[in-house]
Amino acid sequence: MSRIGKKPVPIPDKVKVDIKPDAVVITGPKGSVTNPIPPGIKWEQKDKQLVAIRPSDAGADRAFHGGVTEGFTKELEIVGVGYRAEQRKNSVVFTLGYSHPIEYPIPPGINITVDKQTRLVISGVDRQQVGQIAANIRSLRKPDPYKNKGIRYVGELLKKKAGKAGGK
């Protein structure tokens with residue numbers, strides 16, 4: 001079993017922690033993240049460390065607990081003839097082989113940069129939000145198992161299926 005919840009969380013110099021009764025607000029140079037505190041868990045700041053305290057050692061409380069300086073990134077690549085992305089002020093426009101271009105709005109707190117029209121870098125402070133936006137963009141045109149065309153994560157391994165002619 002993991003005992004990571006008992007370990008104190010170190011707080012870097014540039015990070016400010018504000019503990020409220022129902023949430024913890026962590027502010028750093030890249031932005032701020034607000035995480036709700038589940039019932040039964042209390043947080044205390046001691047020196048340069050954040051410590052989670054739970055009243056009982058019950059499994060329900062222990063399952064709830066486990067930074068902001070560097071941020072999180074996900075990289076996507078677009079593969080296919082004519083497939084590309086173009087960055088505008090508050091959105092990214094995708095041309096993915098459909099009869100119309102798809103405009104994806106960029107939510108606040110997230111940065112999306114387009115390199116060479118076929119590579120996207122999604123970055124932000126909230127790991128869950130960065131991953132969700134990357135998954136949403138990937139779902140616009142999932143990789144095709146027969147031709148391997150579509151939007152995929154960088155380094156994602158895909159199995160290419162044989163077509164009808166491959167069975168002979």
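Two strands count as paired if DSSP finds at least two bridges between them. Helices (H or I, at least four residues) and strands (E, at least two) are DSSP runs, numbered from the N terminus. Now the source: this is a predicted model, where local features need pLDDT of at least 70, side-chain atom pairs count only at pLDDT 80 or more, and totals for chains, interfaces and linings use all residues. Residues are numbered from 1 along each chain as its sequence is written, and side-chain values use heavy atoms, with hydrogens and water left out.

Take strand S8 (residues 84-87) and strand S9 (residues 91-95): they run antiparallel and are joined by four bridges. Glu86 has Val93 in S9 as its bridge partner.

Four strands form an open sheet in the order S11-S12-S7-S13, paired antiparallel. Its edge strands, each pairing on one side only, are S11 (110-115) and S13 (150-153). From one strand to the next, the twist averages 25 degrees. Helix H2 (residues 127-138) packs on this sheet and touches S7 (72-79), S11, S12 and S13; contact means heavy atoms within 4.5 Å. The direction of H2 makes about 10 degrees with that of S7. Axes here are lines fitted to C-alpha atoms, for helices over the stretch in contact, with angles from 0 to 180 degrees between N-to-C directions.

Last, Arg138, which lies in H2. Is Arg138 buried or exposed? Buried, because its relative accessibility is 17%, and the cut-off for buried is under 20% relative accessible area, with exposed over 50% and partly exposed in between (1.4 Å probe, protein chains only). Leaving aside residues up to four places away in sequence, Arg138 touches Pro143, Ile151, Arg152, Tyr153 and Glu156.
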